[in-house]
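Here's a quick briefing to get you oriented. Have a look at the model first, then read on.

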Amino acid sequence: MFEAPRARIDRRAVAAALLDSPDASIVDIIDNLLDKGVVLDGEIVLGLAEIDLVYLRLSVLLVAAGRVLTSKP
Amino acid sequence: MLYVYALADRVGDISDLKGVRGESLVLLHVADLVVVAGEMDGTPALSAATLHAQDALIRTLHARAAALLPMQFGTTQPGEGDLVRLLERRDDLGSKLEKVCGCDQMTVRVLAATQQERGTMMPERQDAQAPNDGDELPGTRYLAARRRGAAAAPPLLQGIAEAAATLSRDVRIEPAQLGGVAGTIYHLIERGRADEYRRVIERAAAAVSGVRVVISGPSPPYAFA
């Protein structure tokens with residue numbers, strides 16, 4: 001069976017390029033604001049793409065937000 | 001509803017500052033804490049612009065307070081009473097404020113270079129597809145390799161982190177779960193010592209073959225909130 005060659009991704013190069021880019025600060029901002037900070041015991045509401053409102057417990061939010069952000073071009 | 005930005009020991013005048021939606025900010029006094037919040041009808045959309053705006057506000061507040069704990073993005077409460085009840089149940093916030101008083105956060109992302117290190121940190125796909133040894137399924141071996149990798153990560157990070165021990169009031173080390181980045185080190189250091197910190201960390205990283213670091217900061221103490 002024919003299998004198309006998969007491009008190998010140099011993860012370190014990708015990480016280095018991202019962290020060295022002029023937008024590197026967004027990495028810190030996402031890390032700090034979505035994964036750090038005081039977490040109160042409560043539900044939060046996030047508007048995503050100005051369309052959906054997602055009600056999630058905080059712990060679940062972190063995973064969801066990460067996926068949403070990384071899926072954008 | 002209240003959108004909560006940060007907790008502080010005390011903050012001066014903030015009448016010149018606006019929230020992420022341009023709303024006026026309010027200071028609420030709860031026991032020994034000061035809460036910085038904004039009144040909103042709904043919550044702000046999750047976007048790069050909103051994240052930048054909130055981070056900029058937190059940095060300004062951090063500069064005006066001796067001790068500040070940023071809230072996680074998206075933190076809301078229906079009203080002041082709900083917020084007060086919630087905060088009154090948290091007996092850890094005072095000690096956290098004491099710890100971050102007069103301090104900045106520095107962040108070090110550690111990039112490991114060699115194949116050996118990459119294999120230890122994050123096994124490549126072919127590891128999982130290698131022939132079976134004994135009764136272990138490929139998936140079992142893959143997860144076991146990842147577990148070993150996670151266990152092996154700290155010494156590399158620990159060594160770099162310890163280089164700044166004399167400058168550090170606290171440290172938090174997070175081994176990475178993604179390839180390329182071996183992990184992230186967060187240090188809490190006295191304000192005004194960022195340049196000294198950078199020199200120490202860069203010297204420590206240069207002594208380790210195949211490792212590179214990306215240092216950012218100073219920033220508010222998000223990782224210690």
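Helices (H or I, at least four residues) and strands (E, at least two) are DSSP runs, numbered from the N terminus. With that in hand, chain B has seven helices and 10 strands. Keep in mind that this is a predicted model, where local features need pLDDT of at least 70, side-chain atom pairs count only at pLDDT 80 or more, and totals for chains, interfaces and linings use all residues. Residues are numbered from 1 along each chain as its sequence is written, while chains are lettered from A and ligands numbered from 1 in the order in which they are written.

**Domains of chain B**

- Eight residues of domain 1 of chain B are in contact (C-beta atoms, placed from the backbone, within 7 Å) with eight residues of domain 2 of chain B.
- On the domain 1 side, helix 1 (48-64), strand 5 (68-70) and helix 3 (93-100) of chain B each supply at least two of the touching residues.

**Burial and cores**

- Buried residues make up 37% of the 225 residues in chain B; buried takes 20 or more other C-beta atoms within 10 Å of a residue's own, exposed means 12 or fewer, and partly exposed is in between, with C-beta atoms placed from the backbone.
- A nonpolar core is a set of buried Ala, Val, Leu, Ile, Met, Phe, Trp, Tyr and Cys residues joined through C-beta atoms within 7 Å.
- The largest one has 48 residues, and B:Tyr5, B:Ala6, B:Ala8, B:Val36, B:Leu61 and B:Val110 touch the most other members.
- Another core, of five residues, lies apart from it and includes A:Ile29, A:Leu33, B:Leu51 and B:Phe73.

**Strand 9 of chain B**

- Strand 9 (residues 181-190) of chain B is largely enclosed by the rest of the structure, because eight of its 10 residues are buried.
- Strands pair if DSSP finds at least two bridges between them, and strand 9 of chain B pairs in the antiparallel sense with strand 7 (residues 103-112) of chain B over nine bridges.
- Strand 8 (residues 168-175) of chain B also pairs with strand 9 of chain B in the antiparallel sense, over seven bridges.
- B:Leu188 in strand 9 of chain B is the bridge partner of B:Gln105 and of B:Asp170.

**A loop glycine**

- B:Gly210 sits in the loop between helix 7 (194-206) and strand 10 (211-219) of chain B.
- B:Gly210 counts as partly exposed because it has 13 C-beta neighbours inside 10 Å.

Terms used:
Two residues are in contact if their C-beta atoms, placed from the backbone, lie within 7 Å.
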